[in-house]
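Thanks, everyone. I'll take the structure on screen step by step, from single residues to the whole chain and back.

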Amino acid sequence: MALLPILEFPDPRLRTKAATVDPARVTEPAFQQLLDDMFQTMYECPGIGLAASQVDVHQRFMVIDVSEEKNQPLVFINPEIVERAGEQVYQEGCLSVPGIFADVTRANQITVRAIGRDGQPFELTTEGLLAVCVQHEMDHLEGKLFVDYLSPLKREMVRKKLAKQKRLSA
């Protein structure tokens, strides 16, 4: 397995809308290896979700594991939210926007339809943290970041803070 480089805001590649994955590719060894690499990258960072767009693979899939033990890996290929209910505010962070956290309002409960790692379609109804994570990662597949939910002023402050962090670490 290999760690993958994560694109960071304001990299313009994060604004790319991901293409649909050919379901016939899902069980191919190279695709399965990419999933393993994404999980390793996500766990090492550490994160609870990682969209393919964040590792410069502009295809519609993501990996998630919101468990404390990091032993409940989920794969969503060509995900689509088919139902939303309620509302919740959750403080979100992002591996592509390191060190920044902000309150974001999202649906409290969702039903998502996708293809799993095994190539089989599935539907999942979930709420709370997993629902937030699915919505957050799906935004990446649309070229959207959680900072887009912030006011223009706050978004500019985030951009400047990240630029300063990058300068200081160089």
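**A walk through the model**

C94 is buried, with a relative accessible area of 10%. That is under the 20% cut-off for buried. You'll find C94 in strand 4, which covers residues 88-94. One caution before going on: this is a predicted model.

What is C94 in contact with, once its neighbours within four places in sequence are left aside? The partners are Q54, I100, H136, H140 and F146. For a distance across the fold, take C94 and M62. They are 32 residues apart along the chain. Their C-alpha atoms are separated by 14 Å.

Now the whole chain. The secondary structure comes to three helices and seven strands. What is the order from the N terminus? The elements run α-β-β-β-β-β-β-β-α-α.

Next, the dimensions. A compact globule of 170 residues would have a radius of gyration near 15 Å, and this protein has 16 Å, so the two agree. Along the principal axes, the C-alpha atoms fill a box of roughly 45 × 40 × 30 Å. Of the 170 residues, 46% count as buried. Then the contacts. Take those with a separation of 6 or more: residues 24 or more positions apart account for 66% of them.

The surface, briefly. On charge, the protein has 19 positive and 24 negative side chains. The centres of the two sets lie 10 Å apart.

On to the aromatics. A pair of aromatic rings is described by the distance of the centres and the angle of the planes. How many aromatic pairs does the count give? It comes to three. I'll show two of them.

The cut-off here is planes under 30 degrees apart. Both residues belong to helix 1, residues 29-44; because they are four residues apart there, about one helical turn separates them. Are the two partners buried or exposed? F39 is buried, at 7% relative accessible area. Y43 counts as partly exposed, at 28% relative accessibility.

Another pair is F76 with F122. This one is tilted: 5.6 Å centre to centre, with 55° between the planes. It links distant parts of the chain. F76 sits in strand 3, residues 74-85. F122 sits in strand 7, residues 121-127. F76 is buried, with a relative accessible area of 1%. F122 has 27%, so F122 is partly exposed.

Where is E8 placed? In the segment before helix 1. E8 is partly exposed, with a relative accessible area of 32%. Now look across the sequence. E8 and L162 are 154 residues apart in sequence. In space, C-alpha to C-alpha, they are 8.9 Å apart. With neighbours within four places in sequence left aside, E8 is in contact with L14, L95, S96, P98 and K166.

Now the backbone, starting with cis peptide bonds. The bond from F9 to P10 is cis, with omega near 10°. P10, like E8, is found in the segment before helix 1. The bond from C45 to P46 is also cis, and there omega is near -15°. P46 has its place in the loop between helix 1 and strand 1, the strand at 49-51.

Last, positive phi values. Which way does phi point at D56, positive or negative? Positive, near 65°, in a residue other than glycine. D56 lies in the loop between strand 1 and strand 2, the latter at 61-64. Its relative accessibility is 36%, so D56 counts as partly exposed. K70 has a positive phi as well, about 55°, although K70 is not a glycine. The loop between strand 2 and strand 3 holds K70. K70 is partly exposed, with a relative accessible area of 30%.

Look at C94 in strand 4. Thanks, and over to the group.

Technical notes
Residues are numbered from 1 along each chain as its sequence is written. This is a predicted model: local features need pLDDT of at least 70, side-chain atom pairs count only at pLDDT 80 or more; totals for chains, interfaces and linings use all residues. Side-chain values use heavy atoms; hydrogens and water are left out. Helices (H or I, at least four residues) and strands (E, at least two) are DSSP runs, numbered from the N terminus. The radius of gyration is taken over C-alpha atoms; the globule rule is 2.2 Å times the number of residues to the power 0.38. Buried means under 20% relative accessible area, exposed over 50%, partly exposed in between (1.4 Å probe, protein chains only). Contact means heavy atoms within 4.5 Å. Lys and Arg count as positive and Asp and Glu as negative; His and the chain ends are not counted. The place of a charge is taken as NZ of Lys, CZ of Arg, CG of Asp or CD of Glu. Rings of Phe, Tyr and Trp (its six-membered ring) pair if their centres lie within 6.5 Å; planes under 30 degrees apart count as stacked, over 60 as edge-to-face and the rest as tilted.
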